[in-house]
Amino acid sequence: MPENPTPHADGFVDAFVHRFQRERARDLLRRSGFGGLIADGIYRSIDERWIETIVPGQQTAPKIAAALHALGAPASCVVLDGRSGPTEVEVPLAGALESIVGWDDDVVVSCLAGELAYLETEGVSARYILHRPASRR
C-alpha cells in the first residue's frame, strides 16, 4: 500500500473539521485536493473545540511562531492553500509565517499533522491556532 502523500491535509480534516461535515470534506479532498476545501469555505466547518482566536496584539509572524512552538511545533511545516499540489512539501515555519501572516487569504500552516495548525482566513483579525492534542483524538 502506498504511503499517504497528504498526511497534513487528511489530518486537518480528520482532526479539525466537525464530525458532521467530515465525510463530505474527505470526499472533496479526494476529488479536488485542499484547494477544493478552501474554495468550499472549509474554515466554516471547523469544530469550535479546537480553535483559538489569536488576539490582534499577538498577530505577528514571530509571536504566532512562538505560540506554535510552545505547543510543540517543529521548525518546519506544510502550507496548505488553494494552490496546494498533490504532494506536501515541508518548509521552514518562520519563513512560511512571514510570507502568510496578513495575506488575508484562506491558508493553513500545518505544524503537526492532525494536531496543530495555524489558520488564516479572509478578513480583519481572522487568524487562529488549531490545536487538538493527540491525547484528545
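Colleague: What makes the pairing of the side chains of His-8 and Ser-110 a polar contact?

Modeller: The side chains of His-8 and Ser-110 are joined at 2.5 Å, and a polar contact requires a pair of N or O atoms within 3.5 Å, one able to donate a hydrogen and the other to accept it. The pair therefore qualifies. The model is predicted, and the value is computed from its atoms.

Colleague: Why is His-8 called buried?

Modeller: His-8 has a relative accessible area of 10%, and buried means under 20%; His-8 therefore counts as buried. His-8 is found in helix H1, which covers residues 7-16.

Colleague: Which residues does His-8 touch, not counting residues up to four places away in sequence?

Modeller: His-8 touches Val-78, Leu-80, Glu-88, Ser-110, Cys-111, Leu-112 and Ala-113. Ser-110 in this list is also the partner of His-8 in the polar contact.

Colleague: Which members of the largest nonpolar core touch the most other members?

Modeller: They are Phe-12, Val-13, Phe-16, Phe-34, Leu-37, Val-108 and Leu-130, out of 21 residues in this core. Two or more residues come from each of H1, helix H2 (22-39), strand E2 (76-81) and strand E5 (116-120). The most come from H2, which gives six residues. Apart from this core lies another, of 18 residues, which includes Ala-61, Ala-65, Ala-96 and Tyr-118.

Colleague: What does Val-13 touch, not counting residues up to four places away in sequence?

Modeller: Val-13 touches Arg-22, Ala-25, Arg-26, Leu-29 and Leu-37. Leu-37, like Val-13, is listed among the core members that touch the most others.

Colleague: How do you know that E5 is mostly covered?

Modeller: Five of the five residues of E5 are buried. Leu-116, Tyr-118 and Glu-120 point one way from the strand, Ala-117 and Leu-119 point the other way, and all of them are buried.

Colleague: Why are E4 and E5 said to pair?

Modeller: Pairing requires at least two bridges between the strands, and five bridges join strand E4 (residues 107-112) to E5; E4 and E5 therefore pair. They run antiparallel, with Val-109 standing opposite Tyr-118 in E5. The two strands form a hairpin with three residues between them, and Gly-114 in the turn has a positive phi of about 75°.

Colleague: Why is the pair Arg-26 and Asp-14 called a salt bridge?

Modeller: The closest N and O atoms of Arg-26 and Asp-14 are 2.9 Å apart, and the cut-off is 4 Å, so the pair qualifies. The pair links distant parts of the chain, with Arg-26 in helix H2 and Asp-14 in helix H1, twelve residues apart.

Colleague: What makes Arg-30 and Asp-27 a salt bridge?

Modeller: Their closest N and O atoms are 3.9 Å apart; the limit is 4 Å, so this pair also qualifies. Arg-30 and Asp-27 are separated by about one helical turn because they are three residues apart in helix H2. Arg-30 counts as exposed because its relative accessibility is 59% and exposed means over 50%. Asp-27, at 32%, counts as partly exposed.

Colleague: Why is Arg-49 called exposed, and why is Asp-47 called buried?

Modeller: Arg-49 has a relative accessible area of 57%, which is over 50% and therefore exposed. Asp-47 has 7%, which is under 20% and therefore buried. The side chains of Arg-49 and Asp-47 meet in a salt bridge of 2.7 Å, N to O.

Colleague: Why is Pro-74 called partly exposed?

Modeller: Pro-74 has 31% relative accessibility; buried means under 20% and exposed over 50%, so Pro-74 falls in between. Its place is in the loop between helix H3 (61-70) and E2.

Colleague: What separates the C-alpha atoms of Pro-74 and Cys-111?

Modeller: These C-alpha atoms are separated by 6.7 Å, while the residues are 37 residues apart along the chain. Not counting residues up to four places away in sequence, Pro-74 touches His-69, Leu-93, Cys-111 and Leu-112.

Note on methods
Residues numbered from 1 in each chain as written. Predicted model: local features only at pLDDT ≥ 70, side-chain atom pairs only at ≥ 80, totals over all residues. Heavy atoms only, no water. Helix = DSSP H or I, 4+ residues; strand = E, 2+ residues; numbered from the N terminus. Buried < 20%, exposed > 50% of the residue type's maximum accessible area, 1.4 Å probe, protein only. Contact = heavy atoms within 4.5 Å. Core = buried A, V, L, I, M, F, W, Y, C linked by side-chain atoms within 4.5 Å.
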